[in-house]
Amino acid sequence: MPEPSIRVAVAGDEEALAVLDRATWSTLHAVSPPPEGPFFDERHVPQDYLVAEADGRVVGYIRIARATPLASNAHVLQIQGLAVADEARGQGLGRALIRAAAEEARSRGARRLTLRVLGHNAPARALYASEGFAVEGVQPEEFLLDGAYVDDVLMGRKL
């Protein structure tokens with residue numbers, strides 16, 4: 001696969017992002033039901049997404065958005081989704097998207113970047129830790145997924 005480029009999403013990416021989202025959905029990282037319906041809506045707007053593209057195809061995305069609507073929390077952005085197409089895995093694309101998200105967050109004036117990751121998602125936790133994210137809290141057994149209780153791990157880093 002050629003070197004992907006990373007850019008801010010545009011409305012025209014919606015179908016490709018929806019297809020990628022459905023293809024990568026798993027209870028390893030998702031607490032909500034499988035995605036259906038439109039990818040973008042009033043809470044999920046194109047400018048919140050960075051898209052990785054290779055050979056004219058969307059092969060990954062990361063979503064960064066305000067952690068809360070509070071003015072006192074405006075300096076914090078949160079990673080609220082990350083997906084990499086199966087054929088693009090193992091090539092550093094997730095890491096590139098995280099780094100691009102950190103740069104984008106800085107350019108938007110953020111001082112911190114946070115995320116939530118499921119406790120059983122060891123590969124994602126290791127990737128985030130290798131990019132400077134530290135565990136800042138754990139909500140034990142926060143979710144019931146596939147008959148098992150799963151921790152919600154809160155991670156963050158300064159920018």
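A salt bridge here is a side-chain nitrogen of Lys or Arg within 4 Å of a carboxyl oxygen of Asp or Glu. This is a predicted model: local features need pLDDT of at least 70, side-chain atom pairs count only at pLDDT 80 or more, and totals for chains, interfaces and linings use all residues. Residues are numbered from 1 along each chain as its sequence is written, and side-chain values use heavy atoms, with hydrogens and water left out.

**View 1. Salt bridge between Asp86 and Arg89.** The N to O distance is 3.7 Å. Asp86 is exposed, at 55% relative accessible area. Arg89 is partly exposed, at 44%. (Buried means under 20% relative accessible area, exposed over 50%, partly exposed in between; 1.4 Å probe, protein chains only.)

**View 2. Salt bridge between Arg7 and Glu53.** N and O lie 3.2 Å apart. Arg7 sits in strand β1 (residues 5-8) and Glu53 in strand β2 (residues 49-54), so the pair ties together parts 46 residues apart in sequence. (Helices, H or I with at least four residues, and strands, E with at least two, are DSSP runs numbered from the N terminus.) Arg7 is partly exposed, with 25% relative accessibility. Glu53 is also partly exposed, at 22%.

**View 3. Salt bridge between Arg95 and Glu131.** The N to O distance is 2.5 Å. Arg95 belongs to helix α2 (residues 93-107), while Glu131 is in the loop between α3 (122-130) and β6 (134-145); the pair links distant parts of the chain, 36 residues apart. Arg95 is partly exposed, at 30% relative accessibility. Glu131 is buried, at 10%.

**View 4. Network of Arg7, Asp13 and Glu53.** Salt bridges that share partners join these residues. The whole structure holds 12 salt bridges.
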